[in-house]
Amino acid sequence: MAAAGAVLAWLLFAARPAAAAELVMFERAGCPWCLRWEREIGPIYPLTDEGRRAPLRRVSLERPLPPGLDMREPVFYSPTFVLFDGGREIGRITGYAGEDAFWGLLKPLIARLGAAE
């Protein structure tokens, strides 16, 4: 019964409307690059300035796209990180090539949040 509650909570979380700014991680079950990101970045992301500015939201590519995300183009690869502001796509990072590459690509996207208003 606890597992059913956890699944329901995840579904409600995944289906919530887009926040003011958020980083959406599109992933697939068993994706080795997603798992690597989770090991290397996942625990620290919410503690960073970037994580506070654009909280992480996970979306499975194996499910329909949640409502409220205005995407420029579909996502095909996992992981793909799409930065949204008010549900509108600001930019994206396709794939995960390691910590340095992730932070180096994310920083200019986060800087565009203020410029996109």
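Two strands are taken to pair if DSSP finds at least two bridges between them, and in this predicted model the bridge partner of Phe81 in β4 is Ile93. The chain contains four helices and four strands, and from the N terminus on these elements follow the order α-β-α-α-β-β-β-α. Of its 117 residues, 39% count as buried, and residues 24 or more positions apart account for 63% of the contacts with a separation of 6 or more.

**Strand β3 and its cover**

- Strand β3 spans residues 80-85 and is mostly covered, with six of its six residues buried.
- In a regular strand the side chains alternate between the two faces of the sheet.

**Neighbouring strands**

- Strand β1, made of residues 21-27, pairs with β3 in the antiparallel sense over six bridges, and within this pairing Glu22 stands opposite Phe84 of β3.
- Strand β4, made of residues 88-94, also runs antiparallel to β3 and is joined to it by six bridges.

- Phe76 lies in the loop between β2, which covers residues 56-60, and β3.
- Exposed means over 50% relative accessible area, and Phe76 therefore counts as exposed because its relative accessibility is 55%.
- Leaving aside residues up to four places away in sequence, Phe76 touches Arg28 and Leu61.
- Phe76 and Leu61 are 15 residues apart in sequence, and their C-alpha atoms are 7.8 Å apart in space.

**Aromatic side chains**

- The count of aromatic pairs comes to seven, and one of them is the tilted pair of Trp37 and Tyr45, with 6.3 Å centre to centre and 50° between the planes.
- Trp37 and Tyr45 are both buried.
- Phe81 and Phe102 form an edge-to-face pair, with 5.1 Å centre to centre and 65° between the planes.
- Because Phe81 lies in strand β3 and Phe102 in helix α4, which covers residues 99-115, this pair ties together parts that are 21 residues apart in sequence.
- Phe81 and Phe102 are both buried.
- One aromatic cluster is formed by Trp37, Tyr45, Phe81, Tyr96, Phe102 and Trp103.

**Surface of the chain**

- The chain exposes about 6700 Å², and carbon and sulfur atoms supply 63% of this area.

Technical notes
Residues numbered from 1 in each chain as written. Predicted model: local features only at pLDDT ≥ 70, side-chain atom pairs only at ≥ 80, totals over all residues. Heavy atoms only, no water. Buried < 20%, exposed > 50% of the residue type's maximum accessible area, 1.4 Å probe, protein only. Helix = DSSP H or I, 4+ residues; strand = E, 2+ residues; numbered from the N terminus. Contact = heavy atoms within 4.5 Å. Areas by Shrake-Rupley, 256 points an atom, 1.4 Å probe, with all protein chains shown as cover. Phe/Tyr/Trp six-rings, centres within 6.5 Å; stacked < 30°, edge-to-face > 60°.
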